[in-house]
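Reader: I am new to this model. Please show me how to read its features.

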Amino acid sequence: MPARKGPRRKPGAFFVCPTFVLPRQGEVAPKATEGEGGGQLPIIASSPSVSCADTSPWRGRIILWQATLMHRPEDAPTAFAAAWNAHDMDALGALFDADARFVNRFGRYVRGADAIVAMHRPIHQTIYRDSTLANELIDVAAIGEGAAIVHFWSRLTTGAAHPAGPHSVDTLIQAVLVLADSGWRIRALENVTLADPRSGAPVLRD
């Protein structure tokens, strides 16, 4: 007996996002708009799934939040790239512990999630606004209960917005993650540019 086919989902119909979602700081879950059903949209941290309409302006945000959740330390490379590629600095900041340390590939050190966001927001509005990041996990080393060190390769590809034009840079990232109530968070991160040891010129892995 052939399998029964379910009804095709119409534009504007609800779909389920298997994630935990919290609004950005200072935001609340939006009111449903026409075609989305009545009342408040169920965008809450305690729900194992989130329903939203295809046409909802929050759909993209929900998908991004899903991509940036870190259930395990090894989720850090994917989560970091997802926030970067969306150029969403609130999502990037949410990856970090409130008192996190960050050293970028130029040796600039900042402390605190707010400072990390403040360092990245201007460049994502200008020279890195069309950049992309591709990360590849190297390893994870547990250093105790609820703490781990993660290493991953990262390739930054810039676009036309960069003064030097489109080009790629490979870096190696070391991150220390800690387990919090809402998942894993980055406590410290250092980014080092892959370079020729003789000339100091940046090089690519392949």
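Author: Start with terms. Contact means heavy atoms within 4.5 Å. Axes are lines fitted to C-alpha atoms, for helices over the stretch in contact, and angles run from 0 to 180 degrees between N-to-C directions. Helices (H or I, at least four residues) and strands (E, at least two) are DSSP runs, numbered from the N terminus. Now the case: helix α4 (residues 113-124) lies across β3 and β4. Its angle to β3 is about 50 degrees.

Author: Some ground rules. This is a predicted model, where local features need pLDDT of at least 70, side-chain atom pairs count only at pLDDT 80 or more, and totals for chains, interfaces and linings use all residues. Residues are numbered from 1 along each chain as its sequence is written, and side-chain values use heavy atoms, with hydrogens and water left out.

Reader: In what order do the six strands form the open sheet?

Author: Strands of a sheet pair through backbone hydrogen bonds, either parallel or antiparallel. Two strands pair if DSSP finds at least two bridges between them. Here the order is β4-β3-β8-β7-β6-β5, with mixed pairing. β4 (109-111) and β5 (132-144) are the edge strands, each pairing on one side only. From one strand to the next, the twist averages 15 degrees.

Reader: How many bridges join strand β3 to β8?

Author: Four, and the two strands run parallel. Valine 103 stands opposite glutamate 190 in β8.

Reader: Which helix lies across β3, β5, β6, β7 and β8?

Author: Helix α2 (residues 76-86) does. Helix α2 runs at about 145 degrees to β5.
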